[in-house]
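Here are my notes on this model, point by point. Please read them with the coordinates open.

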Amino acid sequence: MPVSEESPTYSARLLVDCADQPGIVAAVSGFLFERGANIVSSHQYSSDATGGRFYMRTEFFLDGLAQDRARFEREFAERVGTPLAMDWEIRYWGERRRMAILVSRHDHCLMDLLWRRRRGELDAEVVAVVSNHPDLAEEVQAAGIPFHHVPVAAAAGKAEAEERMLALLRGKVDLLVLARYMQILSGEFLDRLGAPAINIHHSFLPAFAGAEPYRRAREHGVKLIGATAHYVTAELDGGPIIEQDVARVDHRQTVAELERIGRDIERTVLARAVTLHLEDRVIADAGRTIVL
């Protein structure tokens, strides 16, 4: 069942980012109480009690909010947001963000996301899948999602391919997910895209970057393999980490077995990271992430 058709678990989600100072929680909760709102979930974090940043994520029920959003937001700004110099945002139940997926030939992460989308487990609308290979077109189109083949001929063709992808995506997506997309995106592309991007890396970073990671992991006799989901930045595999997981392995397992275990970890770690982002639980703070 699609998320938008389920019974609402909240009316709105309030996100706050401001300088840490006394009275923030009291101001927010007092404002909501005065309007008859019922807080059902609230998480806070301070990066430093003296001079740090304060982050808050609050979900609440409020009858009639859908018909009076403009007034609610205006009053919050006047009573709380402006006096406390907050950066704040309200997300309303049922407003689904637009998500696009980049993929190459490996299909496990893509198909897992499409399955979760069909089950209503992702609070987003998958608006496009873009690939530098045509291999997965049939599976994507069978799911009712537009598939775009944008080949990357060689290093010289990367700029042209990125221009074509920007024409498809810029201003049309709120999140880009790299589901084993085996091309490096330029910093210029990321800047012009205007939306965050999440990548899944086939190792527990930092380890065995590059080709054939499971073969080299086996050659080194590793006892743990894993995967890392992180935000994409201009620094290769250096973006803030959102989610990680590992599995214990030993010398008896073949490269193929390690790859199978790795695929399972990759798809679940990526799905968790995407879900955390869509639920507004991830905050990037000075090169790291805080998950509320």
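1. A disulfide here is a pair of cysteine sulfur atoms within 2.5 Å. Searching the whole structure turns up 0 disulfides. Burial is scored by relative accessible area, with a 1.4 Å probe and protein chains only: buried is under 20%, exposed is over 50%, and partly exposed is in between. Cys 18 is buried, at 0% relative accessibility. Cys 109 is buried too, at 1%.

2. Some ground rules. This is a predicted model, where local features need pLDDT of at least 70, side-chain atom pairs count only at pLDDT 80 or more, and totals for chains, interfaces and linings use all residues. Numbering runs from 1 along each chain as its sequence is written, and side-chain values use heavy atoms, with hydrogens and water left out.

3. Look at helix α2, residues 69-81. Helices (H or I, at least four residues) and strands (E, at least two) are DSSP runs, numbered from the N terminus. The expected span of a helix is 1.5 Å times one less than its number of residues. For the 13 residues of α2, a straight helix would span 18 Å, but the end C-alpha atoms of α2 span only 15 Å.

4. Which residues of α2 are buried? They are Phe 72, Glu 75, Phe 76, Ala 77, Val 80 and Gly 81. The cover over these buried residues includes β1 (12-19), α1 (24-34), β3 (53-61) and β4 (87-92).

5. Now the charges. A salt bridge is a side-chain nitrogen of Lys or Arg within 4 Å of a carboxyl oxygen of Asp or Glu. The count by this rule is 29 salt bridges. One of them pairs Glu 75 with Arg 35, with the closest N and O atoms 3.2 Å apart. Glu 75 sits in helix α2 and Arg 35 in the loop between α1 and β2 (38-46), so the pair ties together parts 40 residues apart in sequence. Arg 35 is partly exposed, at 24% relative accessibility.

6. Arg 97 and Asp 280 form another salt bridge, the closest N and O atoms being 3.3 Å apart. Arg 97 is in strand β5 (residues 97-103), while Asp 280 is in the loop between α8 (255-278) and β12 (282-285), 183 residues apart. Both Arg 97 and Asp 280 are buried.

7. Arg 180 and Glu 266 also meet in a salt bridge, at 3.0 Å, N to O. Arg 180 lies in the loop between β8 (175-178) and α6 (187-193) and Glu 266 in helix α8, so this pair ties together parts 86 residues apart in sequence. Arg 180 is buried at 8% relative accessible area, and Glu 266 is buried at 1%.

Technical notes: Contact means heavy atoms within 4.5 Å.
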